[in-house]
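Hello,

Here is the structure I promised to pass on. Please open it before reading further; my notes come after it.

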Amino acid sequence: MFDLAGKVALVTGGSRGIGRATAEVLAERGASVVITYVGNEAAARETVEAIQKAGGKAEAVRLDAGDSAACETVVAEVAKRAGRLDVLVANAGISLDGLLLRLKDDDFERTLAVNLKGAVACARAAIKVMMRAKTGRVVFMSSVVGEMGNPGQTAYAASKAALLGVTKTIAKEYASRGITVNVVTPGFVDTEMTQSLTPEGREKMLAGVPVGRTGTVREIAAAVTYLASDEAAYVTGHALRVNGGMYM
């Protein structure tokens, strides 16, 4: 199951965390993977080398996901070079946190540009390619914060909540073309971001997770891989919650 041999997958923000794990699992299932990074070329190179060492196919390209025009150009170039594009995982994201009264317009706009506008731009470019093939998988990466909110994350929550509506709309627009569009909403996952929390902060977060632990990046990657597979051909417009019961 979940055989992606011969498929080409593009994972934005694929050099670290959930993006890296997703790229690795997609490659393990046989996909040729292209990851994007914005500043940490060393991390991107390390990810590519790890995938190749494990017998997979991967490459990295630089992309500022907050630049919609660049998103469209990079996606088109990847598809042209590979001759196809079967899977897009719009994972690139940032979180510029602060309470509402301290939220700067520039930070709000940058968050929306990367997390929302960039994701939509990548999807628009990918779907142009997928329409010609009459098949394709688009997976957005949202967050439990987009569903339940979180103090100090107005901009982040707004961008991630918007992806839920985007997913349902695009899914309805292109289902007849053989293209599925879904979104994954991770909960409290063990990443660099959550590792920076104080012990008290982690304990408070875990208190709201019924399974009593953080999720792993591989668990999120597994959910993405399912949605990217042929087995999920009848699943579209769906928000797949991987949050340990944090939000139901």
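Below is what I found, grouped by place.

One caution to begin with: this is a predicted model.

**The aromatic pair**

How many aromatic pairs does a search of the whole structure find? The search finds 1. The partners are F2 and Y226, with ring centres 5.8 Å apart and planes at 70°. Angles over 60 degrees count as edge-to-face, so that is the label for F2 and Y226. The pair links distant parts of the chain. F2 sits in the segment before strand 1, while Y226 belongs to helix 9, residues 217-228.

Most residues other than glycine have a negative phi. F2 has a positive one, near 60°. Strand 1, which F2 precedes, covers residues 8-11.

K134 also has a positive phi, of about 60°, and is not a glycine. Where is K134? K134 is in the loop between helix 4 (105-133) and strand 5 (136-141). The positive phi comes just after helix 4. K134 is exposed, because its relative accessible area is 64% and the label needs over 50%.

**Helix 4**

Helix 4 itself deserves a look. It has 29 residues. From first C-alpha to last, helix 4 reaches 41 Å. That is close to the 42 Å expected at 1.5 Å a residue. Where does helix 4 bend? The bend is at A113, by about 40°.

Now go back towards the start of the chain. S15 is in the loop between strand 1 and helix 1, and helix 1 covers 17-28. Is S15 buried or exposed? At 9% relative accessibility, S15 counts as buried, because the limit for buried is under 20%. Which residues does S15 touch, leaving out those up to four places away in sequence? The contacts are R20, I35, T36, Y37, A43, A44 and T47.

**Where to look**

For a quick tour, start with the edge-to-face pair of F2 and Y226. Go on to the bend at A113 in helix 4. Then view K134, just after that helix. Finish at buried S15.

Best wishes

Methods: Residues are numbered from 1 along each chain as its sequence is written. This is a predicted model: local features need pLDDT of at least 70, side-chain atom pairs count only at pLDDT 80 or more; totals for chains, interfaces and linings use all residues. Side-chain values use heavy atoms; hydrogens and water are left out. Helices (H or I, at least four residues) and strands (E, at least two) are DSSP runs, numbered from the N terminus. Buried means under 20% relative accessible area, exposed over 50%, partly exposed in between (1.4 Å probe, protein chains only). Contact means heavy atoms within 4.5 Å. The expected span of a helix is 1.5 Å times one less than its number of residues. The bend at a residue is the angle between axes fitted to the seven residues ending there and the seven starting there. Rings of Phe, Tyr and Trp (its six-membered ring) pair if their centres lie within 6.5 Å; planes under 30 degrees apart count as stacked, over 60 as edge-to-face and the rest as tilted.
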